[in-house]
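Colleague: I have not seen this one before. Can you walk me through it?
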Amino acid sequence: MTMTKIFAHAGEAPWTPTPDGNRRRVLLSTDELMLVEFGFDKGGVGALHSHPHVQSSYVAEGRFEVTIDGLTEILEAGGSFIVPSGLVHGVRALEAGRLVDSFAPCRADFLA
């Protein structure tokens with residue numbers, strides 16, 4: 001039986017380039033929930049997309065223009081947002097920054 005990893009330490013997980021030119025690292029995951037950190041350079045874009053997973057995001061660093069279902073707001077470090085299943089959403093980094101995202105259920109495509 002494989003033990004689920006329940007703790008992660010800063011800098012432990014490697015960064016993986018994303019197709020849109022940013023980077024991500026999976027911090028922790030189970031079948032039901034996943035925690036992922038995304039890094040963006042200034043001007044970096046997370047293109048508009050949708051997925052069946054519920055997503056919550058915390059702005060750990062930087063400023064982002066966030067669009068969800070046609071509504072756009074600027075969020076700074078300490079801000080957060082939630083994306084219900086299936087809604088079109090995306091971000092643009094107004095300065096270099098990091099987002100910490102939770103997905104339910106797990107994004108299996110991030111583990112491949």
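Modeller: Below we go through the fold, the surface and the charged pairs.

Modeller: This is a predicted model, where local features need pLDDT of at least 70, side-chain atom pairs count only at pLDDT 80 or more, and totals for chains, interfaces and linings use all residues. Residues are numbered from 1 along each chain as its sequence is written, and side-chain values use heavy atoms, with hydrogens and water left out.

Colleague: How many helices and strands does the protein chain have?

Modeller: Zero helices and ten strands. Helices (H or I, at least four residues) and strands (E, at least two) are DSSP runs, numbered from the N terminus.

Colleague: And what is the radius of gyration?

Modeller: The radius of gyration of the protein chain is 14 Å, close to the 13 Å from the globule rule for 112 residues, so the chain is as compact as a globular protein of that length. That radius is taken over C-alpha atoms, and the rule is 2.2 Å times the number of residues to the power 0.38. The C-alpha trace spans about 45 × 30 × 25 Å along its principal axes.

Colleague: What share of the residues is buried?

Modeller: Buried residues make up 34% of the 112. Buried means under 20% relative accessible area, exposed over 50%, and partly exposed in between (1.4 Å probe, protein chains only).

Colleague: Switching to charges: how many salt bridges does the structure hold?

Modeller: Eight. A salt bridge is a side-chain nitrogen of Lys or Arg within 4 Å of a carboxyl oxygen of Asp or Glu.

Colleague: Which residue does arginine 25 pair with?

Modeller: Arginine 25 forms a salt bridge with glutamate 37, and their closest N and O atoms are 2.8 Å apart. The pair links distant parts of the chain, with arginine 25 in strand S2 (residues 23-29) and glutamate 37 in strand S3 (residues 34-40), twelve residues apart.

Colleague: Are those two buried or exposed?

Modeller: Both arginine 25 and glutamate 37 are buried. Glutamate 37 has a relative accessibility of 6%.

Colleague: What else does glutamate 37 meet in a salt bridge?

Modeller: Arginine 98, at 2.6 Å from N to O. Arginine 98 sits in strand S10 (residues 97-104), 61 residues apart from glutamate 37. Arginine 98 is partly exposed, with a relative accessible area of 25%.

Colleague: Where do glutamate 65 and arginine 92 lie?

Modeller: Glutamate 65 lies in strand S6 (residues 63-68) and arginine 92 in strand S9 (residues 89-93), so their pairing ties together parts 27 residues apart in sequence. Their closest N and O atoms are 3.2 Å apart.

Colleague: Which residues do shared partners join into one network?

Modeller: Arg25, Glu37, Glu61 and Arg98, through salt bridges.
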